Amino acid sequence: MRRAPIVLTATVAGTAGVLAFHPHTPAVQSASASTSAASASTASNGAGGSSGSGGGSGSSGTATGDAVATPYGDAQVRVTVAKGKIAKIEALRLQGDDPRSVQISSSAEPVLRQEALSAQSAAVDAVSGATFTSASYAQSLQSALDKLGFKAADGARTTLQVPQGGGDDHGF
Amino acid sequence: MLSPVLEVRHVMGMPVGIEIPGEGADVEAAFAWLREVDATFSTYRADSEISRLDRGELTLADCRPEVDEVLTRCLALERATGGYFSARPAGRLDPSGLVKGWALDGAARRLGAECFCLNAGGDVIARGRPEPARGWRVGIRHPLEHDCLAAVLEVQDLAVATSGEYERGAHIVDPHTGRPPRGLLSVTVVGPELATADAYATAAFAMGADGPAWTATLDGYDALCITSDRRVLSTPGFARHRAQPGGG
């Protein structure tokens, strides 16, 4: 099948890292007066309600760990333990004077994978996030087809209908 | 002989592209549906049912049944997202955040094809495999370097929705504040239905820095969030959609 993949320009690849919380390794340090005066509010709605991992003694309470330097900035967690289980882990990201709490896990399982943003190129069939206007889309598509020497003569039907006049910023 | 289809038309205020490999299928029903949806739901049209409903000129009972269907679904999403997805994000009735994906899901059903890639307004619906050896390759646009990709996926039977700033500028608001959220450059949600993926992406983006953690709670949908400080946070299930290096 004749097809013109959209090829975008190339740059560098990035690195990857993983945020992992190990259920049986208590991250609890002696509770220092937390510097994070900020809200512990989270936007997690209907967060899975999964129970914390088993093990541990009957301790209960909340404590903030040391700030640990990582390639991605300082990492610090606040852990809530209830009845010998880790009930909640909050990652406290300290940026200047604006500490901010993001609940990453309620079950001490690794939940979000973190990596650095990289810029890539690849031949793709479609791009998500590219809300081009019709005119620029058509122009871009046409130039890509031209570069590939794409010809419509072999039965592929390509119709680029761009509206007369304005009205691109209309609707959805 | 096989005659593939590659059709791009401007409808609902955006270019809608449909690619169907193999024997050419009929796209007319799909585009007709999108025009109907636009006429009913466009908030840019004073005479659309949604605009007239908002002005009180119509009651819900006067409207097409799809209006009730959409608004009911908006309510459910409002609850599921703690109000970060809203049918009234800036005060007036505007379910566009759901309508776009919902309309495209409907268009996909009206293609009557088992293999296609539908691409519209930054969203993608991929069905089947374009070639036996590979799935549909979908790039996620880099939020800062617009001629590059942030990630490449290889998918089949999946919807991909991305919310972010991109070309149209700040148009997503946090319904609680009425102002643009801060913290994220973009959110991509993947899953079985575009309408839901789109609403979740919009909601997560509206949550700002709290969005990524919320996406980890979603059932049946995975997400990749790009933060303003250039970190990429993805849910564990997202990795299986990534294209393998050296593929394609």
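How are α1(B) and α4(B) oriented to each other? They are roughly antiparallel (angles over 145 degrees count as such), because their axes cross at roughly 155°. The model is predicted, so local features need pLDDT of at least 70, side-chain atom pairs count only at pLDDT 80 or more, and totals for chains, interfaces and linings use all residues. Residues are numbered from 1 along each chain as its sequence is written, chains are lettered from A and ligands numbered from 1 in the order in which they are written, and side-chain values use heavy atoms, without hydrogens and water.

**Confidence**
- Chain B has an average pLDDT (the predictor's confidence in each residue, from 0 to 100) of 91, and 95% of the residues score at least 70.
- The scores of the model are ipTM 0.91 and pTM 0.68.

**α1 and α4 of chain B**
- Helix α1 (residues 28–41) and helix α4 (residues 96–109) of chain B have axes that come within 9 Å; helices are DSSP runs of H or I, at least four residues, numbered from the N terminus.
- Axes are lines fitted to C-alpha atoms, for helices over the stretch in contact, and angles run from 0 to 180 degrees between N-to-C directions.
- Contact (heavy atoms within 4.5 Å) involves B:A30, B:W33, B:L34, B:V37 and B:F41 of α1(B), and residues of α4(B) including B:V99, B:W102 and B:G106.
- That contact of α1(B) with α4(B) comprises ten nonpolar residues (Ala, Val, Leu, Ile, Met, Phe, Trp, Tyr, Cys and Pro), one polar (the others, Gly among them) and no charged ones (Asp, Glu, Lys and Arg).

**α3 and α4 of chain B**
- The axes of helix α3 (residues 65–80) of chain B and α4(B) come within 10 Å and cross at roughly 120°.
- On the α3(B) side the contact is made by B:E66, B:E69, B:V70, B:R73, B:C74 and B:L77, and on the α4(B) side by B:L98, B:V99 and B:W102.
- Six nonpolar, no polar and three charged residues make up the contact of α3(B) with α4(B).

Note on methods:
Helices (H or I, at least four residues) and strands (E, at least two) are DSSP runs, numbered from the N terminus. Angles under 35 degrees count as roughly parallel, over 145 as roughly antiparallel, 65 to 115 as roughly perpendicular and the rest as oblique.
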